[in-house]
Amino acid sequence: MSTSTTASVSTHILDTSIGRPAEGVAVRLSARSGRGADWQALGGSATDPDGRCKDLPALPEGTTHVRLDFAVEPYFEEFEKKQADAQQDAPANRDSGPAVFFPEVAITFAVVPGEHYHVPLLLNPFGYSVYRGS
């Protein structure tokens with residue numbers, strides 16, 4: 001929760017390749033107090049069955065920039081394994097290369113005290129988009 005001297009952040013992930021929330025994606029939160037300042041790791045969480053991180057750490061006073069790091073490769077690897085198990089006799093993926101093009105997604109944005117920032121990630125194995133939600 002934000003106060004007049006801090007901002008707050010929340011996020012959720014929708015896997016647009018299946019039209020469902022992405023459960024179990026690790027998310028790390030970092031902050032800094034100016035363009036030239038070092039990043040301070042604040043902690044992390046993982047998305048719940050609804051694709052939401054409800055327990056991200058609070059931002060310290062003076063935060064001006066926030067970074068969310070999403071570890072999406074393990075999510076897609078697990079999804080592929082479940083899909084392969086469900087289709088035991090289906091041919092393997094014939095494409096060469098990894099099952100996911102972006103193994104990590106890092107989103108950096110500016111914040112001001114007193115504001116809440118909800119940053120949804122729309123995700124598929126070969127692309128993503130983000131926006132400031134509400």
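Student: Let's start with the turn: which residue takes a positive phi in the hairpin of β1 and β2?

Tutor: This is a predicted model. In that hairpin, four residues lie between the strands, and G19 has a positive phi near 70°.

Student: In which sense do β1 and β2 pair, and over how many bridges?

Tutor: They run antiparallel, with two bridges between them. Look across from L14 and you'll find its bridge partner in β2, P21.

Student: What does P21 touch beyond its sequence neighbours?

Tutor: Leaving out residues up to four places away, its contacts are I13, L14, D15, P49, D50, G51 and Y75. Take P49: 28 residues separate it from P21 in sequence, yet their C-alpha atoms are 6.9 Å apart.

Student: Which other strands does β1 meet?

Tutor: Strand β5 (residues 52-53) is joined to β1 antiparallel by two bridges, with H12 opposite R52. With β8, β1 pairs in the parallel sense over eight bridges; there T11 stands opposite V119.

Student: How many residues of β1 are buried?

Tutor: Seven of its eight, so this strand is mostly covered.

Student: And which residues have the most contacts inside the largest nonpolar core?

Tutor: V9, L68, F70 and F109, in a core of 26 residues. β1 is one of the elements giving it two or more residues, while β8 provides the largest share, four.

Terms used. Residues are numbered from 1 along each chain as its sequence is written. This is a predicted model: local features need pLDDT of at least 70, side-chain atom pairs count only at pLDDT 80 or more; totals for chains, interfaces and linings use all residues. Side-chain values use heavy atoms; hydrogens and water are left out. Contact means heavy atoms within 4.5 Å. A nonpolar core is a set of buried Ala, Val, Leu, Ile, Met, Phe, Trp, Tyr and Cys residues joined through side-chain atoms within 4.5 Å. Buried means under 20% relative accessible area, exposed over 50%, partly exposed in between (1.4 Å probe, protein chains only). Two strands pair if DSSP finds at least two bridges between them.
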